[in-house]
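Colleague: Can you walk me through this one? I'd like to start with the helix packing, then go to the chain contacts.

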Amino acid sequence: MRDFLLLLADNTQILGHRLGEWCGHGPELEIDMAMTNLALDLVGQSRNYYQYLAELEGKGRTEDDLAYLRDAREFRNCLLVEQPNGDFARTVARNFLFDSWHFFFLQALCNSNDERLAAIAAKSLKEVTYHLRWSSEWVIRLGDGTEESHRRIQDAFDHLWTYRGELLTPAPFETEAASAGYGVDLHSIKPLTEDKLADILYQATLRRPEDGWMQSGGKTGRHSEHLGYLLAEMQYVQRAYPNSVW
Amino acid sequence: MANHSEFPLWEVFIRSHGGLNHKHAGSLHAADAQMALEHARDVYTRRMEGVSIWVVPSAAITASDPADTDPFFEPAKDKIYRHPTFYDIPEGLKHM
């Protein structure tokens, strides 16, 4: 249960932080606000998981300890979410790859035999329904937009494709979670996420990249170099001024 | 921020909880109507302001000219009889 909760918490926390990095840098004021809204949704979701885990541990640790005082090797997020923002197309492609998995994952998690997890999933699903819509619409507009936007979003998918495999490949603790009934069987959601992907790429006039060798390791703590830098910034205040509060 | 010249301007109307009509909330830039709706959701309903959104291309609005203020609005000023304030309301009548 611990690793499974960390996977959910860290995925949303790290992607939320990445989107927060856009604050003040969005290509348009409206898009800037949209991305920071998404960021706040995701960070809010991660808090629900961290709080639950802290309660289960019963060691007096809090959600803040879990988010701010763990090292990269202890993070269980998939590699996709820690990838740098790049240009707007790269961010959109990364979000779409995550959202088109996250949405169906949460739908399935609503049936978890763990009531607390099912409740968190149901609450998150409302937000993620919008996230998926937002990133889908942007994939379509960039893909079916100008020559330059088409090239950039296609490049983004080509670049990020190698991180997609990890989303649908269960780590041992996920297989355990699924068979115990509180997790999600990733094989069952694969066709759904594939259909969504095919539909949106088609509308966007984009080419589905070839399934080649896929990166993995994030779920077991072997991360890309990017996570260390991200955590250095995200955890700085709590590390430099331990136990400081607002 | 980017050059806005490529994104048209949209006017946003929001109907609030329990509100009967949509009210003008502001304007924003968006590539098309669908995106304008989503931007409006993100920019103008973050604090639960609304239950319904309309977006209208700003270019579709024909506005009165400020220079026409006098001929447009001045003549109504001295026609107070157009206000229904000259009737005796029966006592006991509520909700008027």
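Modeller: One term before we start: two residues are in contact if their C-beta atoms, placed from the backbone, lie within 7 Å. Also, this is a predicted model.

Colleague: Fine. What do the buried residues of α7(A) pack against?

Modeller: They pack against α4 (79–82), α5 (88–109) and α6 of chain A.

Colleague: And which residues of α7(A) are buried?

Modeller: R152(A), I153(A), Q154(A), A156(A), F157(A) and L160(A).

Colleague: What span does α7(A) reach from its first C-alpha to its last?

Modeller: 20 Å for 14 residues, close to the 20 Å expected at 1.5 Å a residue.

Colleague: Back to the packing. At what angle do the axes of α6(A) and α7 cross?

Modeller: Roughly 125 degrees, and the axes come within 7 Å. Angles from 65 to 115 degrees count as roughly perpendicular and those over 145 as roughly antiparallel, so α6(A) is oblique to α7(A).

Colleague: Which residues make that contact?

Modeller: α6(A) gives V139(A), L142(A) and G143(A), while α7(A) gives S149(A), H150(A), R152(A) and I153(A). By class, that contact has three nonpolar, three polar and one charged residues.

Colleague: New topic. How many residues of chain A are in contact with chain B?

Modeller: Ten, and they meet 14 residues of chain B.

Colleague: Which helix gives the largest share of that side of chain A?

Modeller: α2(A), with five residues. Both α2 (29–57) and α6 (115–143) of chain A supply at least two residues each.

Colleague: And by class?

Modeller: The side of chain A that touches chain B has five nonpolar, one polar and four charged residues.

How values were computed. Residues are numbered from 1 along each chain as its sequence is written. Chains are lettered from A and ligands numbered from 1 in the order in which they are written. This is a predicted model: local features need pLDDT of at least 70, side-chain atom pairs count only at pLDDT 80 or more; totals for chains, interfaces and linings use all residues. Helices (H or I, at least four residues) and strands (E, at least two) are DSSP runs, numbered from the N terminus. Ala, Val, Leu, Ile, Met, Phe, Trp, Tyr, Cys and Pro count as nonpolar, Asp, Glu, Lys and Arg as charged, and the others, Gly among them, as polar. Axes are lines fitted to C-alpha atoms, for helices over the stretch in contact, and angles run from 0 to 180 degrees between N-to-C directions. Angles under 35 degrees count as roughly parallel, over 145 as roughly antiparallel, 65 to 115 as roughly perpendicular and the rest as oblique. The expected span of a helix is 1.5 Å times one less than its number of residues. A residue is buried if 20 or more other C-beta atoms lie within 10 Å of its own, exposed if 12 or fewer, and partly exposed in between; C-beta atoms are placed from the backbone.
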